[in-house]
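I opened my notebook to keep track of what I look up in this one. Here is the structure, and my entries come after it.

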Amino acid sequence: MSLIYTMCRTLTNASRAQRALQPVPRTSCSRRVGDARTLTIGLFAVLAVVVGCSKPQNTSGTAVANPSTPEGSARSRSVTGKLTRSNREPAPQDLLLLAYPEDPDTLNPLTASDTVSEAFQSRVYETLAEPQFSDPDVLEPVLAESWEFNPNTLEYTIHIRKGVMWHPMKLPNGKPLPARELTARDVAFSFDCVLNPNIEAAHIRSYFEDPQSEDPNNPYKIEYRMKDKYTFVVRWKKPYFLARDFTLFGFPIIPRHVFSVDENGDPISADFSSKEFADAFNNHWANKMMCGTGPMVFVEWRTQQSLSLRRFGNYWGSPYYFSDVLYQCITNTNTMTQKLLQNELDFAGIPDKDQFLQAKSHPNVQAKKVKLVDYSYPGYRYIGYNLDREVFRDREFRWAMAYAIPVDAIIERTFRGLAERTTGPFLPGSSSYDSSLEPIPYDLQKAQSLLESAGWQDTDNDGIRDKSIDNRRIAARFELMIYADSPTYRQVAEIVKEECRKVGIDVVIAPTKWNLMLQKLRKRDYDAAMLGWALSWKQDPYQVWHSSQADLPDSSNHVAYRNPEVDAAIEKLRVTMDEDEQKELYHRIHRLIYEDQPYTFLFSDRATGGYDARIRNVNFYKIRPCYDGREWYSDRARLTGREMP
Amino acid sequence: MLSYIVRRLFLILPTLFGVTVVSFCIMQLAPGDPLLMQLGATGLAGQGTQTREAYLLQKRDLKLDRPLILNLRYSLDHFQAVRQAAHFLMADESEIARQLNLLAKSPNDPENRAALRFLRGLGIPRFRQRLADARERPRLAKAVAAYARVYCEDVGVHGVPPLIDLLRRRDIDPHEKIGVIHALNAMVVQPFVYTYSYPPKDADTAKVVGAWRQWWRRAEPLTRRLSDERRAELTAHFRGMLELDRAALFEELDYIDPADTRFYIETLLSSTSLHERAVAAMALRRLVRNPLRLDVPPDAPRELIEEVADNWLVHYDLNRTLYEPPLWQRCLYCFTDTQYAHMVWRLVTFQFGRSATKTREFVATKIWNAVLVSAPLMLMAEVVIYLIAIPAGIAAAVYRNTWIDRWITFKLFLLYSIPPFVAGMLLLLFFCYGDYLKWFPMLGLHSPNADSYAWGRYLLDYLWHAFLPVVCLSLFSLAGLAMYSRTAMLDVVSQDYIRTARAKGLSESKVILKHALRNALIPILTLFSSFLPALLGGSVLVEYIFGIHGMGRLSWESIEQKDYPTLMALIYIDAIVVLLSILLTDILYTVVDPRISFGTQDGQA
């Protein structure tokens, strides 16, 4: 019976609806490092997971030179001449086997918005700068050698690194494109593409848009120009506290010589802002390939089978340790876990918590051939209340809900302890999160007295409290919308229902299909919903919490939260460039939202997974994707992904 | 016979028509907006207007903004509603709030009644209650502005003619014109084209030249004049540019000088050669970043409003055929410019177009790739089924009511009652995961580096991978076919000629194999035609479990992603194959059994 149960879950788990935005509480997500792409609803996609050979390879095979021997190091030095990030010689031959649950729609880094393609891109494409994993407040220069900011003109002058080569690329007819160096033209081209209103990059473009622009013909917050071949200038028309992040790592830089030509190598259009160019770009031949400046070169994507990368010999920075990376498409999550446990994958997520705990007793885990890990993942889950509904109008009612929901018990029962409580909308551990706020304890007594004091009484003796609002009797009854395909959400909802019943609130559970759920949220045609948000290091709270978003037909403030004090703090935060002041404002927003309880903040669940013990130096960080593959190395090389015995 | 086939073929047409109607209805009734799914991560988290814009573009591309089956929009009068929309787009929020107060106070005033009718139609949540509540009105005002914009986006080009009429009126308040301009911006995507598409076509000339001429009217006095020498230089340079291939030309365009704008515009407006005009237009586009202004800020000065209004009038004149189609075209559009008509046209012409997911792959390619995966697998499964089920059925018939019969029947029904996906999970558990045995691969149909294998090894590798999926696919169908052949055999065995055969002393094996089996096979043979749909259909669950990307998975994914173009093509092809295979069955009957005939009485004679 449990087998069938697992099976059904597996099935639903793979459905694409969940890919980037599953509101299902178990998987984790691998977004680009320090990804500034702000809020993404729902949290998961399966971790970059890994595939491999059925027998662990004997690594002292003849083809592999031991990196520590003189010949080995000489050979590897001749490949790249540099040490990797982990201060190792790059391996002459070593295959990193990963896996992914479902093909992405496109590999174009500007139009893709799913986590799988971002995992692929993270090794191939690069941004101008990136936040450090260990301290995301510090930016490391990548494609930009350096940059200056002029606070008076709000201008970023970016000096592009010289000598960065684009990966070699061929046209579909087999003709190779000439080797090109990265210049400011490529950067300008990338900005042109992002700001072309017809290119499907709205999720990036929105950072640069200004709804209050004085000139509606040019509604962007930025202007940019090439100063010379290696200098690029971005000017912000208004101060914005995330200006630096969006300028330097809002999106990766793409090659102009590839994306501006059609499959015969002819330029598509002279006008990168035209719809003609956008149409061609959205369906571009190179959207099924990757051509970046990163440490790995795209080799081949066999749809629904695998995607392979090879180390780039001409890379400007520290080379990748592994000579090859192979991603294998594994849709069945049970199979993925099994492959991991049998050392046939180098790194994989095990989203299901029961499966994860079960795996701990697997012989290969006991023998320390596979290491299992759980790490905190930036995001949180919540129950959001549609504040336009009379039921939720009283703050006391929402506080009563918070007291009535036994979050700790939920974490124990449905997440097996693999989750942490949160109290607000920012990333725990970051400077924006106010850790002095206490999680609200489970206290039915308190919940009841709060309801009493707000005038919620059971006048008709049906066990459900009611109250007269605007001369109508309103019963304390609401529908809790949950994601239909997730048994975990179902379990949590059942607990909530049971506890609320005890304090006289009737919760009706309404499992809903994902796209219907989206539609209802957009129209605010729901009472309460259980959802999750993914978080980035620094969050712009405007989209989710500002009252100007509460009346728009499709905005992220789907609970219609309105608080003038929060509005003022958010507005101030957006133009504050000083980090300490920012921190203060963040804490203020956090506290005000906590006091209002428009959401019941539940918890952020830990990502669970494992890796082959041959992989060393695996560290976990607070920002997505929570680990940095560039610092990994192995003590035994894997030669092929062979499966035949 | 022939006339029967022709008649059947003709019957296929209405059936297919019915299939399209039914599936179209189901797709329309399915809750949820198909495009919301594709916006994916940004659909909800998406920020403000732009996501909405992407959503609209996609919707228009897929023609999902059209009415379902009857397009009356060209004949409807949008004037009242559009005017109201423009009115609410003009005012700022406090102004709207003030008007809402008026509306709430005297809802029966004729002017107000029209406004209220429009507002109610916008679908703002809880509009009536909120209008009644004075405290709510400022917020409601914000919602009204946002929803009025959405309304304009939905009306699209049909709302343009009445707005242009408003712009033309002299008596209209310039303030009101701001609202009209906002509404126009919401309705029209990319009003002007400034360059020729590639390769250049003469049909574009009017629009391209018209746009630049309009720009030139205002820019002319501000543009530097050119000396004769410079003009001569530029003419020579321009000649040179005309000779360049496209790539070199684009490179060259990066280095032209904004000071020479006058030369290019004059070339564009005076030249008669298409190529020259195309190059000049490209050069201009490089030099002039924002040629025509199309939107105005809320506090725009009068001149700006007039300028932008004038631009919109020119836009209308250049695109008159789009906005005012002749009467016959309007009538035609009633039936042809609808979602259903566009869909049927794609199906009838077998031009399935591109899939609605982001890869925008051609649907035909997608389906063909999936068939190549599924068909061999299903073929193997069918062969296995026939090889096992027919002998089993015959054995059961020959040893009727003995323990052999009962044992076979029991086993088959046992298999029949295990759903294929459970069988799949069990097989994986026992034969792949290594907890018990580890004989077969868990995933896919090829080893990762199978491409480098010699063909013999490649084939072995394939069979090794395909073994479990094939087992899984065949288990379920064994019982049906076996029971069918058992019955067929029993029928034959009780016939007189079998008794005759036995009576003349033939050995039992000869009786069964030579006399009975051949006749029993006749009804079974006709089942072969059920092959075709199965080959195309694949199996959703088995393909999912074993990580195989065939037809079953494709159908499942198309449903999950609401990829309607792919889904419709799949349904349509399946329908055709099923209908043809039914026809094939009929024909097979006449072939294997001469007693059956579809001919007329004359034909039989």
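These are my entries, starting with the ground rules.

**Ground rules.** I am working with a predicted model, where local features need pLDDT of at least 70, side-chain atom pairs count only at pLDDT 80 or more, and totals for chains, interfaces and linings use all residues. Residues are numbered from 1 along each chain as its sequence is written, while chains are lettered from A and ligands numbered from 1 in the order in which they are written.

**Chain A overall.** I looked up the secondary structure and found 19 helices and 23 strands in chain A. Helices (H or I, at least four residues) and strands (E, at least two) are DSSP runs, numbered from the N terminus. Of its 645 residues, 57% count as buried, meaning that 20 or more other C-beta atoms lie within 10 Å of the residue's own; exposed is 12 or fewer, partly exposed is in between, and C-beta atoms are placed from the backbone. For contacts (C-beta atoms, placed from the backbone, within 7 Å), I noted that 70% of those between residues at least 6 apart in sequence join residues at least 24 apart.

**Helix α15 of chain A.** This helix covers residues 487–502, and its 16 residues reach 23 Å from first C-alpha to last, close to the 22 Å expected at 1.5 Å a residue. The expected span is 1.5 Å times one less than the number of residues. Which residues of α15(A) are buried? I get A:Thr488, A:Tyr489, A:Val492, A:Ala493, A:Val496, A:Glu499 and A:Cys500. Seen down the axis of α15(A), the buried residues fall within an arc of 130°, so they line one face of the helix; the arc is that of the directions from the helix axis to the C-beta atoms. The face turned away from that buried side carries the exposed A:Glu498 and A:Lys502. Among the elements covering the buried residues are α12 (395–404), α13 (407–415) and β18 (477–483) of chain A. After α15(A) comes A:Gly504, with a positive phi near 90°.

**A sheet in chain A.** I followed four strands through an open, mixed sheet in the order β2-β11-β10-β9. Its edge strands are β2 (95–100) and β9 (296–302), each pairing on one side only.

**B:Pro298.** I found this residue in the loop between α16 (274–287) and α17 (302–318) of chain B. B:Pro298 counts as partly exposed because it has 15 C-beta neighbours inside 10 Å. B:Ile178 is 120 residues away in sequence, yet the C-alpha to C-alpha distance is 7.0 Å.

Notes. Two strands pair if DSSP finds at least two bridges between them. Two residues are in contact if their C-beta atoms, placed from the backbone, lie within 7 Å.
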